[in-house]
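Hi,

Here is the structure I promised to pass on to you.

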Amino acid sequence: VQLVESGGGLVQPGGSRRLSCAASGSVFSINAMSWYRQAPGKQRELVAGITSGGSTNYLDSVRGRFTISRDNAKNTVYLQMVSLKPEDTAVYYCNAQIRSYDMRVDDYWGQGTQVTVSS
């Protein structure tokens, strides 16, 4: 099983960006999917999460600006980010709880994608 992220890059303050994370391999089903981020010198923090049923939760500082969604048919989770601020600069990681075809449930991480908010 692999998680592959895309969509990172340089964006100006106030701008928007959409991150994607697709799961591939021996994926039978996916439970919760989440986005984390880690800024230089800081601990990794949970930005947003979404359950298999579509319930969502957000870090207080991003609520109202970020939207997490998923496409179960594509085994993909998205993070739409608007009104970006310099303090949103970080490496963004996706995380998913995946049941593989051997019925094991494991936690998987993507490789990370850099988002830099700067003028």
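Let's start with strands: helices (H or I, at least four residues) and strands (E, at least two) are DSSP runs, numbered from the N terminus. Two strands pair if DSSP finds at least two bridges between them. Before you dig in, note that this is a predicted model, where local features need pLDDT of at least 70 and side-chain atom pairs count only at pLDDT 80 or more, while totals for chains, interfaces and linings use all residues. Residues are numbered from 1 along each chain as its sequence is written, and side-chain values use heavy atoms, with hydrogens and water left out.

**Around β8**

Strand β8 covers residues 76–81. It has an antiparallel partner in β7 (residues 66–71), with 6 bridges joining the two. Another 6 bridges join β8 to β3 (residues 17–24), and that pair is antiparallel as well. If you want to trace the pairings by eye, Arg-70 has Val-77 as its bridge partner in β8, and Ala-22 has Thr-76.

Is β8 enclosed or open? It is largely enclosed by the rest of the structure, because 5 of its 6 residues are buried. "Buried" here means under 20% relative accessible area, "exposed" means over 50%, and "partly exposed" is in between (1.4 Å probe, protein chains only).

Thr-76 is worth a click. It counts as buried because its relative accessibility is 7%. Its side chain reaches the backbone oxygen of Lys-74 at 2.8 Å. Leaving aside neighbours within four places in sequence, Thr-76 is in contact (heavy atoms within 4.5 Å) with Cys-21, Ala-22, Met-33, Ser-69, Arg-70 and Asp-71.

The hairpin of β7 and β8 has 4 residues between the strands, and one of them, Asn-75, has a positive phi near 50°. Asn-75 is not a glycine, yet its phi is positive. With a relative accessible area of 24%, Asn-75 is partly exposed.

You'll find Met-103 in the loop between β9 (90–99) and β10 (105–109). Its relative accessibility is 40%, so it counts as partly exposed. Together with Phe-28 and Tyr-101, Met-103 forms a nonpolar patch on the surface, with about 340 Å² of accessible area in total. Patches are made of residues with over 30% relative accessible area and no salt bridge; like charges are joined within 9 Å, and nonpolar side chains (Val, Leu, Ile, Met, Phe, Trp, Tyr) within 5 Å. The areas come from the Shrake-Rupley method with a 1.4 Å probe, and for residues only the protein chains shown count as cover.

**Salt bridges**

Side chains of opposite charge can pair when their charged atoms come close. I counted a salt bridge when a side-chain nitrogen of Lys or Arg was within 4 Å of a carboxyl oxygen of Asp or Glu, and the count comes to 5.

Which residues does Arg-37 pair with? One is Glu-45, with the closest N and O atoms 2.8 Å apart. Another is Asp-88, at 3.0 Å from N to O. Asp-88 and Arg-37 are both buried, whereas Glu-45 is partly exposed because its relative accessibility is 30%.

Arg-63 and Asp-60 also meet in a salt bridge, at 2.6 Å from N to O. Asp-60 counts as exposed, because its relative accessibility is 63%. Finally, salt bridges with shared partners join Arg-37, Glu-45, Arg-65 and Asp-88 into one network.

Cheers

Methods. Polar contact = N/O pair within 3.5 Å; in protein donor to acceptor, adjacent residues only side chain to side chain.
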